[in-house]
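Please read the following briefing beside the sequence and the model, which are shown first.

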Amino acid sequence: MAGTKRINLALQGGGAHGAFTWGALDRLLEEAEVEIAAISGTSAGALNGAALKAGLARGSREAARENLEWLWEQVGAITDLRLAPWLEAVAPSSVSAAIEASLPFAFTDGIARLVSPYASGPFYANPLQRIVERFHYDEVCGDPGPRFFICATNVRTGKIRIFTGPEIGPDAIMASACLPTLFRAVEIADPVTGRLEAYWDGGYTGNPALYPLFAPDLPGDVLVVNINPLLRDEVPTSARAIQNRINEISFNSSLLRELRAIDFVQRLLADGTMPEGTMKRVRVHMVSDDALMRQLSVATKLVAVPQVLHQLRAAGRAAAEAFLDTHLGKIGRESSVDLRAMFG
């Protein structure tokens, strides 16, 4: 349609904090002017991306919204907005602190640090399996709708693997979300070598991977939905706070590395060092709420608390609304993220 603004989505992983992305996508799908051309997702971003892709493959934004709502209902989301006043009265920081102080969480956290997920023997089950097996993979993997990419980390080589098209299935999504202290590595055959390879969470190598979105036929605008805070002013001093910040830094490092590379290439194009057309001009945009995310921790990533999920969804919608109000006109023209300031 005339005036359509085509974008690529880059959806970060972050466990139950992916409900923020649900809210952001819910709002973006209401904006008829925005067309989603491609999606790259890791971990929770892969789950959100699969739900989004399946709906859009049917040619229906409303189906995509329904898929996302169904997905988060499966992990405990509350969508009854009549409960909003009560939910909003509970500070996210209080919920996060309460979970961390609880004996069940402390026990489970301690066990995860000391005991391998392989120790559970025949009783092991990946909790995501019951959800991902119910996706409609004819829609998730088909040609209609946006192009879709999922990232996982090869355990043996430490390299990134991108799954797309018919390569995507329940195992690929579970691999993308496989935290090695909690879940057994997911084994998937390599289509080139035929070798069975083990995979861990894609966040170690691409959270999410941006480079699949640089294909010549895709638009130059990449919208990152960021759910791991980039900045924390305070220095963590408790063991748990230190571990939490290590987690955030680890899962942001691959994204920051790709953003730095984009900034470098754009500067070379801008000053004429690199001839126009030799590399793609990429415009970067971001939807985030670091203030909210700094109130949370790895505890609320691992435990899907209805109050927090509700607040994250609402925050995601608000952040996407703010982005559209302020930066919609920049899509197709210029970045709304100042990468030079980010890395200065």
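Aromatic pairs come to a count of 5 in this predicted model, where rings of Phe, Tyr and Trp (its six-membered ring) pair if their centres lie within 6.5 Å, with planes under 30 degrees apart called stacked, over 60 edge-to-face and the rest tilted. Because the model is predicted, local features need pLDDT of at least 70 and side-chain atom pairs count only at pLDDT 80 or more, while totals for chains, interfaces and linings use all residues. Residues are numbered from 1 along each chain as its sequence is written, and side-chain values use heavy atoms, with hydrogens and water left out.

**Aromatic side chains**

- Trp 22 and Trp 72 form a stacked pair, with 6.4 Å from centre to centre and 5° between the planes.
- Since Trp 22 belongs to helix α1 (residues 19–28) and Trp 72 to helix α3 (residues 61–74), this pair ties together parts that are 50 residues apart in sequence; helices (H or I, at least four residues) and strands (E, at least two) are DSSP runs, numbered from the N terminus.
- Trp 22 is buried at a relative accessible area of 1%, and Trp 72 is likewise buried at 5%, where buried means under 20% relative accessible area, exposed over 50% and partly exposed in between (1.4 Å probe, protein chains only).
- Phe 163 and Tyr 199 form an edge-to-face pair, 5.7 Å centre to centre with 75° between the planes.
- Phe 163 lies in strand β4 and Tyr 199 in strand β6, so this pair ties together parts that are 36 residues apart in sequence; Phe 163 is buried at 0% relative accessibility, and Tyr 199 is buried at 0%.
- Trp 70, Phe 135 and Tyr 137 form one aromatic cluster.
- The charged end of Arg 313 sits over the ring of Trp 22, 4.7 Å from its centre, a contact that requires NZ of Lys or CZ of Arg within 6 Å of the ring centre and within 35 degrees of the ring normal.

**Salt bridges**

- The count of salt bridges is 21, each being a side-chain nitrogen of Lys or Arg within 4 Å of a carboxyl oxygen of Asp or Glu.
- Glu 276 pairs with Arg 281, the closest N and O atoms being 2.9 Å apart; Glu 276 is exposed at 55% relative accessibility, whereas Arg 281 is partly exposed at 34%.
- Salt bridges that share partners join nine side chains into one network, namely Asp 26, Arg 27, Glu 30, Glu 31, Glu 62, Arg 65, Arg 313, Arg 317 and Glu 321.
- Glu 31 and Arg 27 meet in a salt bridge at 3.0 Å, N to O, and both of these residues are buried.
- Glu 197 forms a salt bridge with Arg 195, with 3.8 Å between the closest N and O atoms; Glu 197 is buried at 4% relative accessible area, while Arg 195 is partly exposed at 43%.

**Backbone**

- Most residues other than glycine have a negative phi, and most peptide bonds are trans.
- Ser 43, in the loop between β2 (34–41) and α2 (44–57), has a positive phi near 55°, and this serine is buried at 8% relative accessibility.
- The peptide bond from Asn 207 to Pro 208 is cis, with omega near -10°, and Pro 208 is placed in the loop between β6 (196–201) and β7 (221–225).

**Cysteines**

- A search of the whole structure finds 0 disulfides, a disulfide being a pair of cysteine sulfur atoms within 2.5 Å.
- Cys 141 is buried at 17% relative accessibility, and Cys 151 is buried at 0%.
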